Amino acid sequence: MDDLTEPELMTRAAWLYHVAGLNQEQTSVRLGLTRARVNRLLQQARESGVVTISISERDLGLLKVEETLRAQYGLMSCIATFPLGPEMLAGDQEASLRMVGAAGARLLQDRLSADPGAIVGIGWGRTLAALAQAYAGPTVSGARFISLMGSLTANSAVNPFDVVHKLAQVTGGEGYFLPVPFIVDTPRDRDLLLSQHAVQTPLKIARQARLAFISVGELTEQSLLFQKGMISEAEMAGLRAAGAVGDTNGIFFDEMGKPVDHILNQRCVALGLDHLRAAEKVLLSAGAQKLTATRALLRSGAVSSLVIDGDSAIALAAEVR
């Protein structure tokens with residue numbers, strides 16, 4: 001095995017252990033490696049995404065909670081991940097994000113298995129980046145993924161360009177982008193960019209989407225938009241004064257999910273949810289900090305399906321009388 005590269009050894013160890021059913025001792029003998037090295041290779045395989053673990057949420061005991069939210073907000077479907085509890089969440093703020101991303105990836109896999117030629121609209125954010133990272137099949141060369149908004153930053157894993165590129169890469173499908181900034185200087189600049197052929201072409205594809213994955217942002221100093229410097233403190237204050245509690249796909253909305261009267265809603269280059277009427281719009285929401293914005297967006301009636309962390313799902317369901 002001396003002529004094998006490290007990635008090749010890792011893949012062979014993973015295959016022997018997970019597919020052939022050999023234990024670590026047998027795998028080490030088969031590859032002529034120490035058991036300790038096989039253990040490291042198997043861990044690297046999980047961390048790199050060569051090996052993924054898929055667990056169905058159906059038997060987590062949250063069916064009643066999911067059905068409560070589905071009925072309350074008129075959803076096609078609702079998936080809640082396993083609740084971790086406040087103590088564990090306090091120690092790992094990223095846990096709910098990873099779980100929701102993985103559950104969203106499995107939903108995407110199901111939808112693409114049923115419709116391999118689907119056009120899929122993609123929003124932005126850490127949860128959607130986690131979805132792209134967790135996707136593990138099937139290969140669907142006929143699928144097309146289209147970003148629903150302009151680029152957020154020049155270099156970021158949550159940039160819509162990067163999320164769409166990752167999904168196209170792991171599925172074997174095609175990726176399309178809006179080659180413009182997300183927030184521009186003036187409404188006139190937005191109108192000018194939207195009139196360009198390079199923008200009109202992907203927008204035309206996006207309007208044909210049968211499926212769209214979106215996330216929701218909280219209007220706080222911890223929000224990604226604020227942390228990335230996309231909106232200023234003054235703009236944050238102005239949005240709050242206008243009644244905004246969150247944002248999605250370039251729209252800042254109030255507690256009922258309705259767009260607020262603020263100029264930023266005229267400066268964002270994105271395809272609004274009202275242009276995706278024919279698509280199943282899947283909202284991914286991870287973390288208690290998203291509760292207020294998630295509740296508001298669900299109230300708007302614009303969301304078709306919901307993937308949410310279990311702790312937030314339980315909190316939302318408890319409000320239903």
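How many degrees, roughly, lie between the axes of helix α2 and helix α3 where they cross? The model looked at here is a predicted one, so local features need pLDDT of at least 70 and side-chain atom pairs count only at pLDDT 80 or more, while totals for chains, interfaces and linings use all residues. Residues are numbered from 1 along each chain as its sequence is written, and side-chain values use heavy atoms, with hydrogens and water left out.

Back to the two helices. α2 (residues 24-31) and α3 (residues 35-48) cross at roughly 105 degrees, and their axes come within 9 Å. That puts α2 roughly perpendicular to α3 (65 to 115 degrees counts as roughly perpendicular, under 35 as roughly parallel, over 145 as roughly antiparallel and the rest as oblique). Axes here are lines fitted to C-alpha atoms, for helices over the stretch in contact, and angles run from 0 to 180 degrees between N-to-C directions. Helices (H or I, at least four residues) and strands (E, at least two) are DSSP runs, numbered from the N terminus. On the α2 side, the contact (heavy atoms within 4.5 Å) is made by Gln24, Glu25, Thr27 and Ser28, and on the α3 side by Arg35, Val38, Asn39 and Leu42. Sorted by class, this contact has two nonpolar, four polar and two charged residues. For these classes, Ala, Val, Leu, Ile, Met, Phe, Trp, Tyr, Cys and Pro count as nonpolar, Asp, Glu, Lys and Arg as charged, and the others, Gly among them, as polar.

Now for the sheets. Seven strands make up an open sheet with parallel pairing, in the order β1-β10-β9-β5-β2-β3-β4. At its edges are β1 (77-80) and β4 (174-176), each of which pairs on one side only. From one strand to the next, the twist averages 15 degrees. Two strands pair if DSSP finds at least two bridges between them. Strands β5 (residues 211-215) and β9 (residues 280-285), for instance, are joined in the parallel sense over five bridges, and phenylalanine 213 has valine 282 in β9 as its bridge partner. Helix α6 (residues 95-114) lies across β1, β2, β3, β5, β9 and β10 (305-308), at about 145 degrees to β10.

Strand β2 (residues 119-122) is covered on both faces: Ile119 and Gly121 are buried on one side, Val120 and Ile122 on the other. In general, side chains in a regular strand alternate between the two faces of the sheet. β2 runs parallel to its partner β3 (residues 144-147), with four bridges between them. With 5% relative accessibility, isoleucine 119 counts as buried (under 20% relative accessible area; exposed is over 50%, partly exposed in between, with a 1.4 Å probe and protein chains only). Leaving aside residues up to four places away in sequence, isoleucine 119 touches Arg144, Ile146, Ile205, Gln208, Ala209, Arg210 and Leu211. Alanine 212 sits 93 residues from isoleucine 119 in sequence, yet their C-alpha atoms are 8.4 Å apart in space.

There is also an open sheet of three strands, ordered β6-β7-β8 and paired antiparallel. Its edges are β6 (217-218) and β8 (251-253), each with a single partner strand, so one side of each has no neighbour in the sheet. Two bridges join β6 to β7 (residues 246-248) in the antiparallel sense, and glycine 217 stands opposite aspartate 247 in β7. Helix α13 packs on this sheet, touching β6, β7 and β8, and its direction makes about 95 degrees with that of β8.

Seven of its nine residues are buried, so α13 is largely enclosed by the rest of the structure. The buried ones are Leu291, Ala293, Thr294, Arg295, Ala296, Leu297 and Leu298. Arginine 295 counts as buried because its relative accessibility is 16%, and arginine 295 touches Tyr73, Leu316 and Glu319, not counting residues up to four places away in sequence. Just after α13, glycine 301 takes a positive phi of about 80 degrees.

Finally, α13 (residues 291-299) also meets α14 (residues 310-318): the axes come within 11 Å and cross at roughly 60 degrees. The two helices are therefore oblique to each other. Leu291, Thr294, Arg295 and Leu298 of α13 make the contact with Ser312, Ala315 and Leu316 of α14. By class, there are four nonpolar, two polar and one charged residues in this contact.
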